[in-house]
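Try each task before reading its solution.

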Amino acid sequence: MASPTLKRWLRPEVYPLFAAVRVAVGICGMQLVRNICTNPEVRVTKENRAAGVLDNFAEGEKYAEHALRKFVRNKSPEIMPTINGFFTDPKY
């Protein structure tokens, strides 16, 4: 038999909440791994920390200009531009 707590939380209505929390935790985890592995200012090993401050601007630029930023650079900052245009543009 399942405990009363499991009966309360493992209902079909709660599955979207679990999915949203998993997506949020996944995004946070992905960002943490990205910062630890590819950020030029983060140095995990002792040898890299001993190097001090490096003026490697090309590596910093590569980190800052990632693929998602390049993809959305020329896009409109609207979530639904067609619907926004329908309600705001007098031509429709």
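Helices (H or I, at least four residues) and strands (E, at least two) are DSSP runs, numbered from the N terminus. The model is predicted, so local features need pLDDT of at least 70 and side-chain atom pairs count only at pLDDT 80 or more, while totals for chains, interfaces and linings use all residues. Residues are numbered from 1 along each chain as its sequence is written, and side-chain values use heavy atoms, with hydrogens and water left out.

**Exercise 1. Find which charged side chains lie over the face of a ring.**

Step 1: The test asks for NZ of Lys or CZ of Arg within 6 Å of the ring centre and within 35 degrees of the ring normal.

Step 2: Arginine 34 lies over the face of tyrosine 63, 4.2 Å from the ring centre.

Step 3: Lysine 75 lies over the face of phenylalanine 71, with 4.6 Å to the ring centre.

**Exercise 2. Count the aromatic pairs and describe their geometry.**

Step 1: Rings of Phe, Tyr and Trp (its six-membered ring) pair if their centres lie within 6.5 Å; planes under 30 degrees apart count as stacked, over 60 as edge-to-face and the rest as tilted.

Step 2: This rule gives one aromatic pair. Phenylalanine 86 and phenylalanine 87 form an edge-to-face pair, because their planes are at 80 degrees and their ring centres 5.1 Å apart.

Step 3: Phenylalanine 87 is exposed, because its relative accessible area is 65%.

**Exercise 3. Describe the largest pocket and its lining.**

Step 1: On a 1 Å grid over the protein atoms alone, a pocket is an open set of points where a 1.4 Å probe fits, with protein on both sides within 12 Å along at least five of seven lines; lining residues have an atom within 4 Å of a point. Grid points are joined across faces, edges and corners, and a volume is the space filled by probe spheres set on the points.

Step 2: The largest pocket holds about 330 Å³ of space. Its lining has 17 residues, and the closest to its centre are Asn39, Pro40, Glu41, Arg43 and Glu59.

Step 3: Helix 2 and helix 4 (57–64) each supply at least two lining residues, and helix 4 gives the largest share, four residues.

Step 4: Ala, Val, Leu, Ile, Met, Phe, Trp, Tyr, Cys and Pro count as nonpolar, Asp, Glu, Lys and Arg as charged, and the others, Gly among them, as polar. The lining then divides into eight nonpolar, five polar and four charged residues.

**Exercise 4. Locate glutamate 41 and relate it to glutamate 59.**

Step 1: Glutamate 41 lies in the loop between helix 2 and helix 3. Its relative accessibility is 70%, so glutamate 41 counts as exposed.

Step 2: Glutamate 41 and glutamate 59 are 18 residues apart along the chain, and their C-alpha atoms are separated by 9.7 Å.

How values were computed: Buried means under 20% relative accessible area, exposed over 50%, partly exposed in between (1.4 Å probe, protein chains only).
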